[in-house]
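Here are my notes for a colleague opening this model for the first time. Please keep the structure in view while reading.

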Amino acid sequence: MFNICFTSLPIVAYSLLEQHIPIDTLMSFPKLYMNVSDNAMLQLKPFLYWTCLGLFDGFVFFFGGYFLFVDASLEDNGKMAGNWSFGTMIFTVLVFTVTLKLALDTRFWTWLNHFVIWGSLAFYVFFSFFWGGILWPFLKHQRMYFVFAQLLSSVSTWLAIFLLIFISLFPEMIMIIFKNTKRKSHQKRVSCRTSSHSVAARPSVRPLLLRTFSDESNVL
C-alpha cells in the first residue's frame, strides 16, 4: 500500500516533469547536460547523503514517537496508546514526510504535480478513515478498527505528528536554503561573465566617431 497507493504517483510525476534548470538556460548553456551524463548524479556522495538522511528520519520516527507516546493517553479515561496506535502514528508521519520532502525538492510545479502530491496525502487520510471505520466481514481480526480516528482525536497526537515531521524535514530545508544561496551566487557570476564577454565582443561606437571626426579635422 505504501509504495503503490500512497507514494508512487508523486515520484512518477516528479521523474517525468521535473526541471531543475529552465529550458531557456539549457538552450543557452548546453554544457550543463554534461552534469548528468554517464550517471554523474549516481555517485558516492549523494548515496551517502540520502542513506544518512534515511537513517536520521528512521531514528526520529521511532524514538521520537516512542518518547512522545511512552506516557501518553489517547482518551479522557487514561487509556494508554497501544502498538497499533503507535504504528499508525509512525506510518502517518512517514507518508507525510516522504511526500513533503519530494514537494520541497520540486522546482517546476504543474497542475499534475499538485494533484498527485496533495491528492496522495488526501487519499491516505481518506483510506485510513475508510479502512478503520468499517467492520470488514472477510477479516478475521479487526485490529485497525477505529484506530486512526481515535488517534486523531487526541491533541497530543497532532502535536507529535507535526513535531516529528518538522524535525525530519529540518535538515532538508537547511540544505535547500544552502543550495539556493550557492546557486544564486553561481548564476550571478555566470551572468556577470556573460555580460562582460558580450560587452567586449560588441563593436565600440564612440571610438569610431572620434576617429571619424579626427580624420575630417586632419583633412581640413
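**Notes on rings and a helix**

1. Lys179 lies over the face of Tyr49, 5.9 Å from the ring centre. A charge sits over a ring if NZ of Lys or CZ of Arg is within 6 Å of the ring centre and within 35 degrees of the ring normal.

2. A word on the source. This is a predicted model: local features need pLDDT of at least 70, side-chain atom pairs count only at pLDDT 80 or more, and totals for chains, interfaces and linings use all residues. Residues are numbered from 1 along each chain as its sequence is written, and side-chain values use heavy atoms, leaving out hydrogens and water.

3. Rings of Phe, Tyr and Trp (its six-membered ring) pair if their centres lie within 6.5 Å; planes under 30 degrees apart are stacked, over 60 edge-to-face, and the rest tilted. The count by this rule is 19 aromatic pairs. Take Phe6 and Tyr124: their centres are 5.1 Å apart and their planes at 85°, so this pair is edge-to-face. Phe6 is in helix α1 (residues 2–6) and Tyr124 in helix α6 (residues 111–132), 118 residues apart, so the pair links distant parts of the chain. Helices here are DSSP runs (H or I, at least four residues), numbered from the N terminus. Both Phe6 and Tyr124 are buried. Buried means under 20% relative accessible area, exposed over 50%, partly exposed in between (1.4 Å probe, protein chains only).

4. Now Phe126 and Phe130. Their ring centres are 6.0 Å apart and the planes at 10°, so the pair is stacked. Both lie in helix α6, four residues apart, about one turn of the helix. Phe126 is exposed, at 53% relative accessible area. Phe130 is partly exposed, at 38%.

5. Helix α6 bends by about 25° at Gly119. The bend is the angle between axes fitted to the seven residues ending there and the seven starting there. Its buried residues include Asn113, Ile117 and Tyr124. Among the elements covering the buried residues are α1, α2 (8–17), α5 (83–105) and α7 (147–152).

6. Where is Thr106 found? In the loop between α5 and α6. At 7% relative accessibility, Thr106 counts as buried. Thr106 touches Tyr14, Glu18, Asn113 and Ile117, not counting residues up to four places away in sequence. Contact here means heavy atoms within 4.5 Å. A polar atom of the Thr106 side chain lies 2.8 Å from the backbone oxygen of Leu102.

Methods: Helix = DSSP H or I, 4+ residues; strand = E, 2+ residues; numbered from the N terminus. Polar contact = N/O pair within 3.5 Å; in protein donor to acceptor, adjacent residues only side chain to side chain.
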